[in-house]
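Let me put the model up, and then I'll talk you through it.

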Amino acid sequence: MSAIAAPTRPTLGERLSAAPSPELAAPVALVVLVIVFGSLDSTFLTRGNIDAILQASAILVVLAVGQTFVVATAGIDLSVASTMTLGAVVLGKLYVSGAGLAWAILAGVAAAVGVGLLNGLVIAKGGITDFIVTLGTLSAASGLALIVVDGKPQPVLSTFLLDLSANGVGIFTWSVIVAAVVAVVAHVVLFHTRLGVHVLAVGGSTEAARSTGVHTVRVKLTVYLISGLLAGIAAVLLVARVGAAEPASNTSFLLNSVAAVVLGGVSLFGGRATIVGPVVGSLLLASLVNGLTLLGVAEFYQPLAVGIVVVLAAFLTRFQK
C-alpha cells in the first residue's frame with residue numbers, strides 16, 4: 001500500500017491570493033466608516049452632511065473614472081489634477097473677458113482634452129513611458145495655468161454654475177448627477193462596447209492584443225483622451241463649486257484619483273477594472289476626510305489617514321494579477 005502524502009499547509013501568498021476579492025475592500029470599508037463616524041458624531045448622517053460628502057466626491061468620481069480607463073491599460077495619468085486646473089482657468093479667463101459661459105466651458109474642456117491628446121500621442125506613438133510623459137505634462141499644465149491668468153484667481157459668478165452646485169433633485173445636486181451619469185456611461189463603454197474589450201485586452205497583454213488585431217496605439221491614445229475629457233468636465237464642476245477658477249493646482253486630486261482607483265480594486269497591472277469600485281472609493285475618501293473634519297482632527301493629519309487606507313488597499317491587491 002502506497003503511503004499517503006501528508007497535506008501541505010498553504011503558503012502565505014496562497015492564503016492571501018484566496019482572500020476576498022479586492023473589489024469588496026471599498027464597500028466594506030465605507031460601511032465600517034459610516035458606522036464608526038455615525039456613532040462618534042451625530043451630525044455625520046444628517047442630510048446636510050451627506051449632501052456635503054456627495055458634493056465633495058463628485059469631482060473626484062469624474063477624475064477617478066478617467067484614471068480608471070488609463071490604469072486599465074496598465075498606464076497612469078499623473079497630470080489629471082493639473083489638466084483640470086488648466087481647464088478651469090481657461091474657462092475663468094474667457095468668462096471674465098466677456099465670452100459667453102457656453103463658449104468658456106467649451107474652451108475649458110477643449111484645453112483639458114488637448115492635454116489628454118498630447119499625452120496619448122507621445123505615449124502611444126512616441127513610445128515614451130506614461131510616468132515620464134504625464135509627469136512632464138503635470139508640470140507644464142500647472143505652469144501654463146499660472147501664465148494664462150498671471151497667477152490670479154478668476155471669479156466666475158454664473159447662475160447656471162451656481163445651480164449646478166447648489167440645486168438638483170433631493171439630496172443629489174446637479175454636480176452629483178453629472179458624476180453619476182459619467183460613471184454609468186463609463187460602465188457601459190468599458191463592459192458593453194468593443195472599445196472596452198480592447199482596453200482590457202491591451203492592459204492584459206499589449207503584445208497578445210496586437211496579435212489578435214487590436215489597434216493598441218489607437219486604444220492607448222483613446223484612454224488618455226477620455227482622461228483629458230473627464231478632467232475638463234471635472235474642471236467645470238470645480239469652478240461651479242468654488243465660484244472661481246484657482247490657478248494653483250491641487251495635487252490632492254491627483255493622489256486621491258489614484259487612491260480611489262486602487263481602493264476600487266482596479267489592477268495596477270492592467271487588464272482588470274471596474275467603474276463601481278472607483279466610485280465607491282471616491283465616496284470612501286470623501287467620507288473619511290469629512291468624518292475626520294467633524295471630529296476636529298487637524299487637516300494635516302488627513303493625508304496621513306488617506307495614505308494608510310490606500311496602502312492597506314494596495315496590500316489586498318498585492319497577489320492579484
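So, how many positive and negative side chains does the protein chain have, and how far apart do the centres of the two sets lie? There are 14 positive and 11 negative side chains, with the two centres 11 Å apart. Lys and Arg count as positive, Asp and Glu as negative, while His and the chain ends are not counted. The charge is placed at NZ of Lys, CZ of Arg, CG of Asp or CD of Glu.

Quick housekeeping. This is a predicted model, where local features need pLDDT of at least 70 and side-chain atom pairs need 80 or more, though totals for chains, interfaces and linings use all residues. Residues are numbered from 1 along each chain as its sequence is written, and side-chain values use heavy atoms, with hydrogens and water left out.

Now the overall picture. The protein chain has 14 helices and four strands, meaning DSSP runs numbered from the N terminus: H or I of at least four residues for helices, E of at least two for strands. Of the 321 residues, 45% are buried; that's under 20% relative accessible area, with exposed over 50% and partly exposed in between, using a 1.4 Å probe and protein chains only. For contacts with a separation of 6 or more, 77% join residues 24 or more positions apart, a contact being heavy atoms within 4.5 Å.

Let's zoom in on helix 12, residues 251–263. Its 13 residues reach 18 Å from first C-alpha to last, close to the expected 18 Å, which is 1.5 Å times one less than the number of residues. Buried residues there include Phe253, Leu254 and Val261. Just after helix 12, Gly265 takes a positive phi of about 85 degrees.

Is Ser267 buried or exposed? Ser267 is buried, because its relative accessible area is 2%. Beyond its neighbours within four places in sequence, Ser267 contacts Val71 and Arg272.

Most residues other than glycine have a negative phi. Ala74 has a positive one, near 70 degrees, and sits in the loop between helix 3 (47–72) and helix 4 (80–96). At 36% relative accessibility, Ala74 counts as partly exposed. Asp150 also has a positive phi, near 55 degrees, in the loop between helix 6 (130–148) and strand 1 (154–155). With a relative accessible area of 59%, Asp150 is exposed.
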